[in-house]
Amino acid sequence: MNWLAHALLSPADPEVRLGNLLADFIKGRDRQHVTERFRIGLKLHSFIDRYTDTHPLVQRSIARLDGAFPLVGGILIDIFYDHLLARRWEQHHDAPLDTFAQGVYDDLVHYTPHLTAEANEIISWMIREDRLGSYRRIEGIETALRNVSRRLSARTGRVFHLDHAVGPLFERIDDYQADFDAFFPELRAAAEA
């Protein structure tokens, strides 16, 4: 799951939610300087990722890519699942997506004095680009996939074009939606437990 799902699957506690959202950017020694509530969010993030990566319904979604995007199928599905969550947001949360996203952004801004420079850059970018709200639009998915492609390319030295998966993903959106609709309640129950 990507940022939108991580934000939704967090309890209302801002520090837990921020730990869950920012876990990929708070590493090593920086984790020693966060509060216990923030640390709970870091652990929740890891749990959600492990649960998602090993779930048979998610594996089925990845298999629907027919091997066209080896090594990155899980990343594609994580981001696309956020689109599927956003497109039927009203089934998952009482507040409109814009209201929910603004609440998360407000929490992020409030907490920035306690975070690393890298985390603060990510927060500024997330708010400026309305990353949480952008998942409901095809263009938002394309942007997310291009951004991940750049990070992967910088990290590995290989060229990635994850945004090329947008067409194949949307061609089978009903199949992916069925997988997501069956999977997400299980994930939500597991995260709450």
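The legends below describe close-up views of a predicted model.

**Figure 1. Ser10 in the loop between α1 and α2.**
The loop that holds Ser10 runs between helix α1 (3-8) and helix α2 (14-22). Ser10 is buried, because its relative accessible area is 9%, under the 20% limit for a buried residue. Its side chain makes a polar contact with the side chain of Asn20, at 2.8 Å. When neighbours within four places in sequence are left aside, Ser10 is in contact with Val16, Arg17, Asn20 and Leu44.

**Figure 2. The aromatic pair of Trp89 and Phe100.**
A pair of aromatic rings is described by the distance of the centres and the angle of the planes. The count of aromatic pairs in the model comes to 9. One of them joins Trp89 and Phe100, with 5.0 Å from centre to centre and 50° between the planes, and this pair is tilted. Trp89 lies in the loop between α5 (73-87) and α6 (97-111), whereas Phe100 belongs to helix α6, so the pair ties together parts that are 11 residues apart in sequence. Both partners are buried: Trp89 has a relative accessible area of 3%, and Phe100 has a relative accessibility of 7%.

**Figure 3. The stacked pair of Phe180 and Phe184.**
The rings of Phe180 and Phe184 form a stacked aromatic pair, 5.0 Å from centre to centre and with 25° between the planes. Both residues lie in helix α11 (residues 173-192), where they are 4 residues apart, about one turn of the helix. Phe180 and Phe184 are both buried. They also take part in one aromatic cluster, formed by Phe47, Tyr51, Tyr81, Phe180, Phe183 and Phe184.

**Figure 4. Helix α11, its kink and its buried residues.**
Helix α11 has 20 residues and reaches 27 Å from its first C-alpha to its last, close to the 28 Å expected at 1.5 Å a residue. Where does the kink of about 30° lie in this helix? The kink lies at Phe183, shortly before the proline Pro185. Phe183 is also a member of the aromatic cluster shown in the previous view. The buried residues of α11 are Ile173, Tyr176, Gln177, Asp179, Phe180, Phe183, Phe184, Leu187 and Ala191. These buried residues pack against α1, α3 (36-54), α4 (56-63), α5 and α10 (166-171).

**Figure 5. His83 in helix α5.**
His83 lies in helix α5 and counts as buried, because its relative accessibility is 4%. Not counting residues up to four places away in sequence, His83 touches Tyr135, Arg136, Arg137, Ile141, Phe170 and Ile173. Ile173 is itself one of the buried residues of α11. Tyr135, another residue touched by His83, has the charged end of Arg131 over its ring, 5.7 Å from the ring centre.

**Figure 6. Helix α7 and its residue Ile122.**
Helix α7 has 12 residues and reaches 16 Å from its first C-alpha to its last, close to the 16 Å expected at 1.5 Å a residue. Its buried residues are Ala119, Asn120, Ile122, Ile123, Trp125 and Met126. They pack against α1, α2, α6, α8 and α9 (138-156). Ile122 counts as buried because its relative accessibility is 17%, under the limit of 20%. Ile122 touches Trp3 and Phe25, when residues up to four places away in sequence are not counted. Ile122 and Gln32 are 90 residues apart in sequence and 20 Å apart in space, C-alpha to C-alpha.

**Figure 7. Asp130 and its positive phi.**
Most residues other than glycine have a negative phi. Asp130 has a positive phi of about 45° although it is not a glycine. Where does Asp130 lie? Its place is in the loop between α7 (117-128) and α8 (131-134), and Asp130 follows helix α7. Is Asp130 buried or partly exposed? Asp130 is partly exposed, because its relative accessible area is 25%, a value between the limits of 20% and 50%.

Note on methods
Residues are numbered from 1 along each chain as its sequence is written. This is a predicted model: local features need pLDDT of at least 70, side-chain atom pairs count only at pLDDT 80 or more; totals for chains, interfaces and linings use all residues. Side-chain values use heavy atoms; hydrogens and water are left out. Helices (H or I, at least four residues) and strands (E, at least two) are DSSP runs, numbered from the N terminus. Buried means under 20% relative accessible area, exposed over 50%, partly exposed in between (1.4 Å probe, protein chains only). A polar contact is a pair of N or O atoms within 3.5 Å; within protein, one must be able to donate a hydrogen and the other to accept it, and residues adjacent in sequence count only if both atoms are side-chain atoms. Contact means heavy atoms within 4.5 Å. Rings of Phe, Tyr and Trp (its six-membered ring) pair if their centres lie within 6.5 Å; planes under 30 degrees apart count as stacked, over 60 as edge-to-face and the rest as tilted. A charge sits over a ring if NZ of Lys or CZ of Arg is within 6 Å of the ring centre and within 35 degrees of the ring normal. The expected span of a helix is 1.5 Å times one less than its number of residues. The bend at a residue is the angle between axes fitted to the seven residues ending there and the seven starting there.
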